[in-house]
Amino acid sequence: MTRASSTPPVAAPPPQARSRTVVPVLALCGIVVSLTQTLIIPLVPQLPDLLSASAADAAWAITATLLAAAIATPTVGRLGDMYGKRRMLLFSLGMLVLGSVVCALSTGLGPMVVGRVLQGLSAGVIPLGISIMRDELPPEQLGGATALMSGSLGVGGALGLPAAALIAENLDWHALFWVAAALGALGAVLVTALVPESRVRTGGRFDLPGAVGLSIALLCLLLVISKGADWGWTGGWTLGLLGTGLVVLAVWGWWELRAPQPLVDLRTTARRQVLLTNIASVVFGFAMFATSLVVPQLLQLPEATGYGLGQSILAAGLVMAPNGLIMMAMAPVSARISRTRGPKVTLMTGAFVVAAGYCLCLVMMSGIWQLVIASSVIGAGIGLAYGALPALVMAAVPVSETAAANSLNTLMRSIGTSLSSSVAGVVLAHLTTDLGGVAVPSLGGFRLVLVIGAVAALFALVIAAFLPGSRPQRSPHGPVPRR
């Protein structure tokens, strides 16, 4: 309920006025968080020397962020529904700033991993932002705003690579993290000043056993995905963690079905629209990540391979930048299709465009301009699909579960990208060619990864075809009755 007031003129600004500030501020926060995740990529080859660690140990600077994000996303989303989305948004941005400062001050592996874990805890910003938009914006503006917010994940990633490469080449590497801290602080200030706290809260008691159980299960399973190739897929660590993760996940599901206020409402999640959307998100996350794994490597491999283009990290980042800008540009298009034809059609269209982009890349990979065109087509498809996913979720869940449901969907996408990275890593490690005594990924390996990406996109299209109905939703604000 709103606070009683006898002075209507000082009431909250109208939705149209709020949207002019809320949408750009939340989109900026989403871009900053996704940008932070890519800042370390230009440093990956130098990390062992910079941190005085082995290559395997230095990889934890990347893996730690993935694991922390997976654990934080559903937990922060549920806390946002219960105690305030803006409050948890500020907490997430605070973790980003703190983690960035720790990384900026680090000279060894330990502090760097701690800082990257803290940065990973900010991953809930995008689903929280989408949920705030649902609470604050009028229905006619919600589709474009959530599409923009969802697409910010790709925008920040695409823009972060060239920006990080430029800073790393011209300044001390610690400057990357000082920049991230400054951007995070800016986002927190803008949220404090311009984003209202949502009045939609469930309250109640937080499901701590559910949060711990899901965190353990995700930690085990994602370690298997990210480290299985290094440890051996039949090794003791791999099989032990896999078994532990599956057992804990089963126990967690049993608990969630009986908890009075579960972390994840599995009955809502099992609804056909929510379930199929989350499955499609895993598959689509798998499909969209292939371009990030193939195109930069093709650009940077020496021309002596016969297919590498011999470009610098900065040049590779600049080639990928249009991909992110096109994702943002497709946000209003995604919203328009969803408004007129329904988000199901938008998701199917996006998946088809991504598959077409991969097919185009198979025959257009011998020049920089060709890769720009092919990756831009893929980016357009990602922008369409990413705008449809939150619309599908919000149309099928109660307002009181918006943040938790969007957080779970974001987690599904992250699991898909993690699987894609693991599969592509195995393919490129086994299909190699010799270059001066050094094994590098072969052209056949790159093409196989692109084919896998295209097939995954078409699989996501097939899954989306089974979503119920294709008519547009009249209003995503109304609560969905529980069954």
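## Close-up views of a predicted model

**View A. Arginine 413 places its charged end over the ring of tyrosine 386, 4.4 Å from the ring centre.** Here a charge sits over a ring if NZ of Lys or CZ of Arg is within 6 Å of the ring centre and within 35 degrees of the ring normal. A second case is lysine 227, which lies over the face of tryptophan 60 at 4.7 Å from the ring centre. A note for all views: this is a predicted model, in which local features need pLDDT of at least 70 and side-chain atom pairs count only at pLDDT 80 or more, while totals for chains, interfaces and linings use all residues. Residues are numbered from 1 along each chain as its sequence is written, and side-chain values use heavy atoms, with hydrogens and water left out.

**View B. Aromatic pairs come to a count of 4.** Tryptophan 173 and phenylalanine 177 make an edge-to-face pair, 6.2 Å centre to centre with 90 degrees between the planes. Both of these residues, tryptophan 173 and phenylalanine 177, are buried. Tryptophan 231 and tryptophan 237 form a tilted pair, with 6.1 Å centre to centre and 40 degrees between the planes. Tryptophan 231 counts as partly exposed because its relative accessibility is 32%, whereas tryptophan 237 is exposed because its relative accessible area is 63%. For the terms: rings of Phe, Tyr and Trp (its six-membered ring) pair if their centres lie within 6.5 Å, and planes under 30 degrees apart count as stacked, over 60 as edge-to-face and the rest as tilted. Buried means under 20% relative accessible area, exposed over 50%, and partly exposed in between (1.4 Å probe, protein chains only).

**View C. The whole structure holds 1 cavity of 30 Å³ or more.** About 50 Å³ of space lies in the largest cavity. Its lining consists of Phe286, Ala290, Ser420, Val423, Ala424, Val449, Ile452 and Gly453. Helix H13 (272-300), helix H18 (402-430) and helix H19 (443-465) each contribute at least two lining residues. By class, the lining of the largest cavity has 6 nonpolar, 2 polar and no charged residues. The classes count Ala, Val, Leu, Ile, Met, Phe, Trp, Tyr, Cys and Pro as nonpolar, Asp, Glu, Lys and Arg as charged, and the others, Gly among them, as polar. A cavity is a set of points on a 1 Å grid over the protein atoms alone where a 1.4 Å probe fits but cannot get out, and lining residues have an atom within 4 Å of a point. Helices (H or I, at least four residues) are DSSP runs, numbered from the N terminus.

**View D. Helix H7 (residues 125-136) is mostly covered, with 12 of its 12 residues buried.** Among them are Val125, Arg134, Asp135 and Glu136.

**View E. Serine 52 has a positive phi, near 55 degrees, in a residue other than glycine.** Most residues other than glycine have a negative phi. Serine 52 is in the loop between helix H2 (47-51) and helix H3 (55-58), and counts as exposed because its relative accessibility is 68%.

**View F. Glycine 342 is in the loop between helix H15 (331-341) and helix H16 (343-363).** At 0% relative accessibility, glycine 342 counts as buried.

Notes:
1 Å grid on protein atoms, 1.4 Å probe; cavity = no way out; pocket = protein on both sides within 12 Å on 5 of 7 lines; lining within 4 Å. Points joined across faces, edges and corners; volume = space filled by probe spheres on them.
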